Amino acid sequence: MSQFNFFNEINSALTMDGEITRGPPPRWQKKMMDASSSSHLNGSRSVLSVSYNTSFSGANPPTKTPGKTGDTKNKKTPTPSKGSKTPGGGDRFIPNRGTTNFELGHYLIKQEQEKSENDEENDSGNSNNSNKMTPAKAERQKLISDSMQVADGKTTRILSYQNKAPAAPESHTNPLKVVYSIKTPISTKSGSRYIPTTSDRILDAPDIINDYYLNLLDWSADNIVTVALGNAVYLWNAATGNIEQLVEYEEGDHACALAWIQEGQILAIGNNTGAVELWDCSKIKRLRVMDGHSARVGALAWNSFLVSSGSRDGSIIHHDVRAREHKVANLAGHTQEVCGLKWSTDFKYLASGGNDNLVNVWAAVSGGVGTGNEPLHILNEHQAAVRALAWCPWQPNVLASGGGTADRCIKFWNVNNGSLINSVDSKSQVCALLWSRNYKELISAHGFANNQLTIWKYPSMVKQAELTGHTSRVLQMALSPDGSTVISAGADETLRLWNCFAPDPHTAKKSSTAAAKAKQSVFRQSIR
């Protein structure tokens, strides 16, 4: 066999793409290969170099027979064995090399190889340094490391990932177990805070009337909670824990609505006879009785010296407590019982909700007392009675309303134009609504099936927490003077206190001692 043919056979064997089916060469061929390799050392080295560089640069590998291209007829494609498994993805990440610069990397590496070959030939005579790192090798290694990151206008890596690794599939289970976790909802104002989902304190409320249309709970600015139980009205001092009975009605009579004046210890009580009573709770003395309704008074709302009352007869009366003739206006905007009544935080609007599924918004009379006789807006989107009403403390034109069992929705209104901002299905009867003064959140009280209190983030209406504990529907809620605690009255004859709006200690302002003292009402002497 000539040396030329033998060289071609070696070249073909080195660059062959298919499977090698021939066995090891005979002994006599090995001797001839050893003899010819010395004479063709430079040629074989160039073949290996071309083969390596071509494969690195991403070019097509040479064909089986030199000089022929596209010969795929007799080409064998390697196939996996029976027992092997083809990768199916899973947590394996295959990077996208679309941002890599293979041409530049190939050029730099080839340049370094040629330089290193020249250095090795120059240093081959020095046998003492054969096992040590020569300066040429150290320099070459440094250059190769530097060439892995090239600056061509921008910092570009030779191998880089274009996209982040994809998330694990849904069927993937994390073997790491959670040792301890706690639900810590996020607050818009304070970043993150802990909301306790159990009540701080539970008080007995025997004989509380389980009536959706009555308002039998309120919390004064002087930190006194009033609640009607059976035919009696009680006062509970939240600071000292003292309980005092204010009044006990005769058999068959009872309170239907309770409301504290904004400042001081004047309490308005609406009873089942249609009268509105004014009580000075500091002296346990009834000051005045104001009539005008033909049926029970189930809703009350104060606006300075004006107290508004809503009745089962469908009317709303404004009472001026300073005047002998207390009746200022009589509003007839509802056809059924008025069960919700709230003045806005800037006292420009009065919202009323009724058993006729309506929410009426009344505008205050400019420069006068009370409101106009016709509603500014009639909101009729609810499908059940509307008792839960609450005005946003930082947006006085935003009103929240909640519907009964057939509606279950919490709706938000812009009273400037009467438009509906948002509606959320709460999945159960909405009995009461309160806005937080410390956070941009809203709390709602519900009935069947969970009888829970739900805290919502506003305006996204994402649930922050659910406060459970009542075994029957939550009839009403009231907010503490500092805005940190909510008290709820349930049909299960319990009062529960929830410390769910505790202010952030880093941003909370210390209240002055003067503000903590009980304030005497400026209207005390003018009530007749």
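Which residue in E21 is the bridge partner of asparagine 360? The partner is isoleucine 378. The model is predicted.

**The four-strand sheet**
- Four strands form an open sheet in the order E18-E19-E20-E21, and their pairing is antiparallel.
- Strand E18 (338-343) and strand E21 (377-379) are the edge strands; each has a single partner strand, so one side of each lacks a neighbour in the sheet.
- From one strand to the next, the twist averages 15°.
- Strands of a sheet pair through backbone hydrogen bonds, in either a parallel or an antiparallel sense.
- Three bridges link strand E20 (residues 359-363) to E21, again in the antiparallel sense.
- Asparagine 360 bridges to isoleucine 378 of E21.

**Cysteines**
- Searching the whole structure turns up zero disulfides.
- Cysteine 339 has 0% relative accessibility and counts as buried, because the cut-off for buried is under 20%.
- Cysteine 431, at 2% relative accessibility, also counts as buried.

**Valine 297**
- Strand E14 (residues 297-303) contains valine 297.
- Is valine 297 buried or exposed? Its relative accessibility is 0%, so valine 297 counts as buried.
- Leaving aside residues up to four places away in sequence, valine 297 touches Cys256, Ala257, Gly270, Asn271, Gly274, Ala275, Val276, Ser309, Gly310 and Ser311.
- Valine 276 lies 21 residues from valine 297 along the chain, and their C-alpha atoms are 7.4 Å apart.

How values were computed
Residues numbered from 1 in each chain as written. Predicted model: local features only at pLDDT ≥ 70, side-chain atom pairs only at ≥ 80, totals over all residues. Heavy atoms only, no water. Pairing = 2+ DSSP bridges. Helix = DSSP H or I, 4+ residues; strand = E, 2+ residues; numbered from the N terminus. Axes fitted to C-alpha atoms, helices over the stretch in contact; angles between N-to-C directions. Disulfide = S-S within 2.5 Å. Buried < 20%, exposed > 50% of the residue type's maximum accessible area, 1.4 Å probe, protein only. Contact = heavy atoms within 4.5 Å.
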